[in-house]
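Colleague: I am new to this structure and would like to learn how to read it feature by feature. Could you take me through it slowly, giving the general idea and then the case at hand?

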Amino acid sequence: MSDHVRIARSGAVLHLTLHRPEKLNALTTEMAGTLHAALVDAADDDGVRAVLLDAAGRAFCAGQDLSDPAVAPGADLGATIERAYNPLIRAMRALPKPIVAAVNGIAAGAGANLAFAADLVLAARSASFVEAFVRIGLMPDSGGTWMLPRVLGHARAVGVAMLGETFDAERALAWGALWQVVDDEQLAACATELVERLAAMPTRALGTIKRLMEAGWSKTLDAQLDAERDAQRALGGGFDFAEGVAAFSAKRPARFDGR
Ligand code: T3D
């Protein structure tokens, strides 16, 4: 359990904060492990219906802690990725609940791809992103080579990965990588409002949207139509569908409980 990740619960929201501001929240293996464990717990906890991932200080995350001997030149980098990053990204994408990332400043290397692995990414106007890997002779990991072409399109993904240039939040928004850019002083309030809104929504439907949207990337339309049928069948038997229809008929707000 790393002291550099703060974990808090507020109602149905799990709040994870990268808290190593003096090192721009550079990630240690322990930090990645703590985030992973919290997400695994959240997956099984019906009381958690949405996750907020944010960061303390002037940066979101500067990527892998480059002072860690485990990633010194000549070390087995694949071992760190296998132990720390791959489980974390897998847990984020497998979580059947929405994850909001609030990017307050620079998101570099694995820090950028950590943000892009969230479901909805909010960024402060002064935030920026850099696939910094190539600057130190590496290539994007943490799902970057999978996520970036899908999010940015092939040409831009190759450009940001090969050139390692910093791009600002407005550009990331224009490229389709973000949900919203907000004024810096509004970031925390907007992220909280968004994640609380998601936490009150029909959680199973949100989880199913997440799963099917992603599964669709590697399926034919025919197979996806079948998957939609099966998913809708499952949701149709749930409490939240009954509640949604009842609320619509009664002209009142729905009170979804995630079942
Ligand atoms: O197997 C594996 O694990 C490989 C996996 C790799 C995944 C990756 O993420 S590779 C990419 C790693 N990240 C980077 O290459 C980015 C390194 N950082 C930077 O390029 C710059 O710090 C920034 C552009 C992000 C910000 O620049 P600036 O000028 O605003 O801040 P700074 O002065 O460089 O940094 C402030 C402090 O944070 C400084 O510490 P100090 O000197 O005040 O004690 C700096 O050393 C520290 N810091 C920043 N990034 C890292 C870091 N310390 C350790 N690791 C970092 N990644």
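Predicted model: local features only at pLDDT ≥ 70, side-chain atom pairs only at ≥ 80, totals over all residues.

Colleague: Which residues of α1 and α2 meet?

Modeller: From α1 come Thr 29, Ala 32, Leu 35, His 36 and Leu 39, and they meet Thr 80, Arg 83, Ala 84, Pro 87, Leu 88, Ala 91 and Met 92 in α2.

Colleague: How should I read the packing of helices α4 and α5?

Modeller: Two packed helices are described by the angle between their axes and the distance between the axes. For helix α4 (residues 144-152) and helix α5 (residues 154-163), the axes come within 6 Å and cross at roughly 130°. That angle makes α4 oblique to α5. The crossing of α4 and α5 is right-handed, and the contact is made by Leu 148, Pro 149 and Leu 152 on the α4 side, with His 154, Arg 156, Ala 157 and Val 160 on the α5 side.

Colleague: What is the relation between α8 and α9?

Modeller: The axes of helix α8 (residues 203-215) and α9 come within 11 Å and cross at roughly 170°, so α8 is roughly antiparallel to α9. In this pair, Arg 204, Ala 205, Thr 208, Arg 211, Leu 212 and Ala 215 in α8 meet Gln 224, Ala 227, Glu 228, Ala 231, Ala 234 and Leu 235 in α9.

Colleague: Is Gln 224 buried or exposed?

Modeller: Gln 224, which is found in helix α9 (residues 221-236), counts as buried because its relative accessibility is 12%, where buried means under 20%. Leaving aside residues up to four places away in sequence, Gln 224 touches Leu 212, Ala 215, Gly 216 and Lys 219.

Colleague: Let us turn to the sheet. In what order do the six strands come?

Modeller: Strands of a sheet pair through backbone hydrogen bonds, either parallel or antiparallel. Here six strands form an open sheet in the order β1-β2-β3-β5-β7-β10, with mixed pairing. The edge strands are β1 and β10 (180-182), each of which pairs on one side only, and the twist averages 20° from one strand to the next.

Colleague: Which strands run antiparallel, and how many bridges join them?

Modeller: Strand β1 (residues 5-10) and β2 run antiparallel and are joined by six bridges; for instance, Ser 10 has Val 13 in β2 as its bridge partner. The hairpin of β1 and β2 has two residues between the strands, and Gly 11 takes a positive phi near 60° there. Strand β2 (residues 13-18) is mostly covered, with five of its six residues buried.

Colleague: Where does the chain go between β2 and β3?

Modeller: Strand β2 and strand β3 (residues 50-55) pair in the parallel sense over six bridges, and His 15 has Leu 52 in β3 as its bridge partner. Between these strands the chain crosses through helix α1, and this β-α-β crossover is right-handed. Further along the sheet, β3 and strand β5 (residues 99-103) pair in the parallel sense over three bridges, and Leu 53 stands opposite Ala 101 in β5. Helix α1 packs on the sheet, touching β1, β2, β3 and β5, and its direction makes about 175° with that of β2.

Colleague: Which residues have a positive phi although they are not glycines?

Modeller: Leu 24 is one of them, with a positive phi of about 50°; it lies in the loop between β2 and α1 and is partly exposed, with a relative accessible area of 22%. Ser 142 is another, with a positive phi of about 55°, and its place is in the loop between β8 (128-130) and α4. Ser 142 counts as buried, at 4% relative accessibility.

Colleague: What does Gly 144 touch?

Modeller: Gly 144 has its place in helix α4 and is buried, with a relative accessible area of 2%. Not counting residues up to four places away in sequence, Gly 144 touches Asn 113 and Pro 149. Gly 144 and Leu 114 are 30 residues apart in sequence, while their C-alpha atoms are 8.9 Å apart in space.

Notes. Residues numbered from 1 in each chain as written. Heavy atoms only, no water. Buried < 20%, exposed > 50% of the residue type's maximum accessible area, 1.4 Å probe, protein only. Helix = DSSP H or I, 4+ residues; strand = E, 2+ residues; numbered from the N terminus. Pairing = 2+ DSSP bridges. Right-handed = clockwise from strand over helix to strand, strands pointing away. Axes fitted to C-alpha atoms, helices over the stretch in contact; angles between N-to-C directions. Parallel < 35°, antiparallel > 145°, perpendicular 65-115°, else oblique. Left-handed = near helix turned anticlockwise from the far one by under 90°. Contact = heavy atoms within 4.5 Å.
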